[in-house]
Number of protein chains: 2
Amino acid sequence: MIYVFLANGFEEVEALAPVDMLRRAKQEVTTVGVTGKIVTGSHHIPVTADITAEELQIGGDMDMIVLPGGMPGTLNEEASPVVQAVIDYCVANDRWIGAICAAPSILGHKGVLNGKTATCYTGFEKELTGAEIGSDGVIRDGKIITARGAGVAVDFGLELVGAVCGRETQQQIRGSILCD
Amino acid sequence: MIYVFLANGFEEVEALAPVDMLRRAKQEVTTVGVTGKIVTGSHHIPVTADITAEELQIGGDMDMIVLPGGMPGTLNEEASPVVQAVIDYCVANDRWIGAICAAPSILGHKGVLNGKTATCYTGFEKELTGAEIGSDGVIRDGKIITARGAGVAVDFGLELVGAVCGRETQQQIRGSILCD
């Protein structure tokens, strides 16, 4: 199961393009409302999460977590003990972690990016403690995938597809949405 | 005011990237729930619309309408008397119309694309009655902007921004989301 965390002030495209791409690839995705069941994005779009953070069971079915950016969504995610605990779980159990825009800062603050190459929204580089800042819009290093911002949200979603399903499926989904 | 129509089965990224981009550009955007107040996209994401179709006043504040694709969202949009009426209003009053993926077919069926260059999702070309099919992912011809699919949803949103705010604002928003 892939869990995508939605907190009030989340960047809508950064959160929903990954859900969209992963569900196109037939992956099981659960959106988790960190600040309640209905979560309102930074551009005032209210989305109903599949479950709330209180309902989340942290454990063996957790293949990947996705942390969207946006403000104050990123701060609300970081303040959540559930989000902190799932990051700890994923690191300890070698599960995929995706983070885009401001959200890689959450990983930086936890020391998870030490020795990794990563990217983030311009101005957040200093928050990526221990990371080397890469130049690509989306970067995969080990089990951590980071991306720069909303402009590459679809590419970020496609990279998450590639991580869990392989490059062939990634290319199929890319073809199906007529990227080029 | 810009009205974005959401019907059950709408393609989430195609609908919400335009809302996101237009609101970044400080445009007033209202989402209209064609099939109720909470509308569920083709990838099972429930979004709360700002108003329902029954609450929509068709009239002078209507600067632009946006029709997302997705299935069966496109069919649900086309079946709506409100959507049909707003298209008629926009054509009669020279207002902007944006449509992406399968949704340009709604315009084709109404004869609105006669003599226009337009694009759509692969396989829907024959539904664009009277149009010349262009090769670009996003095409503006007069007051009609069409786009190919979810892979260009952000570009479609940026083109809508350019239409109502001008190229300079379009480039500013493009820069702010770190497209390149």
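## Chain A fold

Helices (H or I, at least four residues) and strands (E, at least two) are DSSP runs, numbered from the N terminus. Chain A has 6 helices and 11 strands. This is a predicted model: local features need pLDDT of at least 70, side-chain atom pairs count only at pLDDT 80 or more, and totals for chains, interfaces and linings use all residues. Residues are numbered from 1 along each chain as its sequence is written, chains are lettered from A and ligands numbered from 1 in the order in which they are written, and side-chain values use heavy atoms, without hydrogens and water.

The C-alpha trace of chain A spans about 40 × 35 × 35 Å along its principal axes. Of its 180 residues, 59% are buried (under 20% relative accessible area, 1.4 Å probe, protein chains only).

## Symmetry of the copies

A rotation of 180 degrees, with 0.0 Å of shift along its axis, superposes chain B on chain A (RMSD 0.0 Å). The two copies are thus related as by a two-fold rotation axis. Within chain B, B:Val47 comes closest to the rotation axis, at 2.3 Å (C-alpha).

## Helix pair

H1 (residues 12–24) of chain A and H1 (residues 12–24) of chain B have axes that come within 10 Å and cross at roughly 170 degrees. That makes H1(A) roughly antiparallel to H1(B) (angles over 145 degrees, between N-to-C directions of lines fitted to C-alpha atoms over the stretch in contact). Contact means heavy atoms within 4.5 Å. Residues making this contact include A:Leu16 and A:Asp20 of H1(A), and B:Leu16 and B:Asp20 of H1(B).

Conventions
Axes fitted to C-alpha atoms, helices over the stretch in contact; angles between N-to-C directions. Parallel < 35°, antiparallel > 145°, perpendicular 65-115°, else oblique. Least-squares fit on C-alpha atoms with pLDDT ≥ 70 in both. Buried < 20%, exposed > 50% of the residue type's maximum accessible area, 1.4 Å probe, protein only.
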